[in-house]
Amino acid sequence: MKNEIEQLKDVLLDSDAILIGAGSGMSAAAGMDWWYQASPVYKQHFGDFYARHPEATGIFKGFYARFTSENERWAYLVRMLDFIYHQPPVKNTYQVLKDLIQDRPYHILTTNQDAMFNRYFADEQISTIQGDWRFLQSERPAD
């Protein structure tokens, strides 16, 4: 009996096109444990922020911290974005997915806003249905 990966490969090879739906489970599968917990990697990069805001156990909860100023809020956001866009995934999950679909026609629907899919797949093949943090900006840039 074939294992699940072999069965998936067979289905993909027999498909005319592939629609991939992925969210936070993809990030978790890639070993990115800093989203929802104060993991060692999170503490390494956000330790000073975490010390001031212990309720911010992970990057996602950092959005809801009670910032002392807009400057602190933007400092957190800029550091978070820099971290997200430069931190490599721990596991090769995205590359494995890319290898699985090979040159097949595909489209990706994702709720992830971290642009990790954009590191491996063409931008025009990705729909970020909850937005894309690469386009985060202030509504009052002059302030």
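Y64 is exposed, at 60% relative accessibility; exposed means over 50% relative accessible area, buried under 20%, and partly exposed in between, with a 1.4 Å probe and protein chains only. F60 is partly exposed, with a relative accessible area of 31%. Before I go on: this is a predicted model, where local features need pLDDT of at least 70 and side-chain atom pairs count only at pLDDT 80 or more, while totals for chains, interfaces and linings use all residues. Residues are numbered from 1 along each chain as its sequence is written, and side-chain values use heavy atoms, with hydrogens and water left out.

Now the aromatic pairs. The structure holds 16 of them. Rings of Phe, Tyr and Trp (its six-membered ring) pair if their centres lie within 6.5 Å; planes under 30 degrees apart are stacked, over 60 edge-to-face, and the rest tilted. F60 and Y64 make an edge-to-face pair, 5.7 Å centre to centre with 70° between the planes. For F117 and F121 the centres are 6.0 Å apart and the planes are at 45°, so that pair is tilted. Both F117 and F121 are buried. F60 and Y64 also belong to one aromatic cluster, whose members include W34, Y36, F46, F49, Y76 and F83.

Next, the helices. Helices are DSSP runs of H or I with at least four residues, strands are runs of E with at least two, and both are numbered from the N terminus. The axes of α3 (residues 40–52) and α5 (residues 70–86) come within 12 Å and cross at roughly 175°; axes are lines fitted to C-alpha atoms, for helices over the stretch in contact, and angles run from 0 to 180 degrees between N-to-C directions. That makes α3 roughly antiparallel to α5, the term for angles over 145 degrees. Which residues of α3 meet α5? They are V41, H45, F46, D48, F49 and R52, and they meet E72, Y76, R79, M80 and F83, with contact meaning heavy atoms within 4.5 Å.

Last, the strands. β1 (residues 18–22) and β2 pair in the parallel sense over 5 bridges; pairing requires that DSSP finds at least two bridges between two strands. I20 has I108 in β2 as its bridge partner. β2 also pairs with β3 (residues 126–128), again in the parallel sense, over 3 bridges, and L109 stands opposite S127 there.

Notes
Angles under 35 degrees count as roughly parallel, over 145 as roughly antiparallel, 65 to 115 as roughly perpendicular and the rest as oblique.
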